[in-house]
Amino acid sequence: MENAFTPHPSSYRDPSGFIFTKDNVLYRQVNKVFASHYDHFINSGFYNKLIADNLLIPHEEIKENLTGNSNWYCTLKPEPVSFLSWPYEWCFDMLKDAALLTLTLAKEAMAYGMILKDATPYNIQLHKGKLIFIDSLSFEIYNSEEPWIAYRQFCEQFLAPLLLMHHHKTPLQQLMLAWPEGVPLSAAQKLLPGKTRFSLHTYLHIHLNARVSNQPGNDRSKKIKFSRQKLINLLLSLETLVTKLKLPEQKTSWSDYYAEASGRDNYLDDKKRIIGEWLNNCSDIQTAADFGANEGEFARLVAEKNISTVALDFDPYCINRLYNWVKKTGEKKILPLVADLVNPSPAIGLNNQERSSLISRVKVDFGLALALVHHLAIGKNVPFECIAYFFYHTCRKRLLIEFVPKSDEKVQLMLKSKRDIYTDYNEENFVLAFKKYFSIAEKKEIGQSGRVLYLMTRDEN
């Protein structure tokens with residue numbers, strides 16, 4: 001069919017243009033209504049500045065109407081992002097850095113006579129080890145008669161969740177899943193401690209902002225003179241506040257995992273050696289996921305083989321440490337995400353298609369599941385069959401998985417706090433469940449630990 005294309009299910013809100021796929025290639029259409037803003041963005045040198053500073057995903061401009069749409073002005077072919085993640089899967093510091101990037105872009109835009117019209121974390125991705133903005137149509141020509149149109153959006157989608165995590169000293173990723181459009185200011189001001197009313201920047205951007213926004217008869221169509229300096233002051237105030245926010249480090253049951261594992265008769269070294277040898281024989285692997293990655297010790301081992309690796313763990317503190325390591329070292333192959341495998345991110349938004357589920361996005365060549373199965377099977381009561389089914393749907397080629405026997409001291413420690421109903425938990429049943437979907441290529445015991453590593457290949461039938 002001529003001009004056959006598929007609009008992206010999340011790209012329906014903005015009349016400036018939309019994202020679509022054609023022949024499995026992602027494009028962005030710029031509509032005629034946005035032509036003057038887009039031309040200014042390009043001709044002013046702002047686009048080149050952002051690309052040079054690695055702040056915006058680069059694109060190729062195509063002078064061809066691939067959709068046949070009468071609103072077409074031009075077509076952009078952006079550099080592909082290998083894995084899309086959503087803000088409710090990010091650790092605290094990743095969300096904070098995304099907020100600061102948004103404010104940097106807003107300030108940079110002012111120097112080129114433009115303004116950032118969108119301030120949503122959904123426009124930012126971790127790409128090649130660096131946070132980068134992905135929406136070229138979020139910049140429009142500055143109008144001094146209007147205040148910053150994205151101000152409330154920034155406060156609800158960035159500032160409110162960061163403030164709540166900062167003041168309550170606990171990760172609250174689920175709030176962003178409950179409120180994907182941002183934590184409403186009216187809710188944020190009630191959830192924040194009363195003392196925040198005495199913090200100038202928090203009072204202005206949350207409490208006062210909520211009160212003014214909710215005033216009955218508030219005329220949003222009224223033109224307000226909002227000078228460049230006022231806008232700059234607003235951005236600087238937000239930047240000052242966000243920069244000070246932090247999530248205090250807390251000791252969790254996983255904080256000392258590697259230190260404890262290292263003390264078990266060369267267990268960790270043997271494990272690394274075996275995995276390294278198996279990886280050397282997997283030359284067809286390009287993408288991987290480390291399920292239950294902790295702080296990414298083994299995700300790093302995989303990334304060293306030049307394999308793009310998504311590191312998933314339900315402990316936000318571990319993922320926060322891994323994210324900061326990625327940022328510090330410039331590692332380009334690891335994407336750390338907060339994820340509970342028993343309750344992974346669902347598909348949400350319009351028609352449940354706007355933001356895809358975690359499982360639909362994690363389709364990798366190679367899966368790593370180390371010291372994980374007993375936590376799912378005994379810690380969460382997940383049957384082996386369900387665990388095997390999960391990995392079948394996420395690992396397209398190979399799975400490297402560790403079986404921890406019931407006699408293991410860590411399993412016994414888990415069983416001290418619950419009734420032992422796990423009569424079927426043994427290696428034989430584990431193997432039978434996984435053989436429904438995988439063939440066992442190799443099997444090796446890890447030293448004298450009693451734990452066993454399996455390298456499995458996925459069956460296609």
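## Helices α15 and α17

The crossing of α15 and α17 is right-handed. This is a predicted model. Helix α15 spans residues 384–394, and helix α17 spans residues 427–434. Their axes lie 8 Å apart, and the packing angle is about 40°. That angle makes α15 oblique to α17.

Which residues make the contact? From α15 come F384, E385, I387, A388 and F391. From α17 come N429, F430, A433 and F434. By type, the contact of α15 with α17 has 7 nonpolar residues, 1 polar and 1 charged.

## The nonpolar cores

The largest nonpolar core holds 119 residues. W148, F391 and F434 touch the most other members. Helix α3 (residues 92–110) gives this core its largest share, 12 residues. A second, separate core has 21 residues, among them Y267, I274, A288 and L301.

Neighbours within four places in sequence aside, F391 is in contact with F291, A369, L372, L399, I401, F434 and F438.

## Helices α3 and α4

Helix α4 covers residues 151–168. The axes of α3 and α4 come within 10 Å and cross at roughly 140°. The two helices are therefore oblique to each other. Here the crossing is left-handed.

On the α3 side, the contact is made by F92, L95, K96, A98, A99, T102 and L103. On the α4 side, F154, Q157, F158, P161, L162, M165 and H166 take part. The contact of α3 with α4 divides into 10 nonpolar residues, 3 polar and 1 charged.

Terms used
Residues are numbered from 1 along each chain as its sequence is written. This is a predicted model: local features need pLDDT of at least 70, side-chain atom pairs count only at pLDDT 80 or more; totals for chains, interfaces and linings use all residues. Side-chain values use heavy atoms; hydrogens and water are left out. Axes are lines fitted to C-alpha atoms, for helices over the stretch in contact, and angles run from 0 to 180 degrees between N-to-C directions. Helices (H or I, at least four residues) and strands (E, at least two) are DSSP runs, numbered from the N terminus. Angles under 35 degrees count as roughly parallel, over 145 as roughly antiparallel, 65 to 115 as roughly perpendicular and the rest as oblique. A crossing is left-handed if the near helix is turned anticlockwise from the far one by less than a right angle, and right-handed if clockwise. Contact means heavy atoms within 4.5 Å. Ala, Val, Leu, Ile, Met, Phe, Trp, Tyr, Cys and Pro count as nonpolar, Asp, Glu, Lys and Arg as charged, and the others, Gly among them, as polar. A nonpolar core is a set of buried Ala, Val, Leu, Ile, Met, Phe, Trp, Tyr and Cys residues joined through side-chain atoms within 4.5 Å. Buried means under 20% relative accessible area, exposed over 50%, partly exposed in between (1.4 Å probe, protein chains only).
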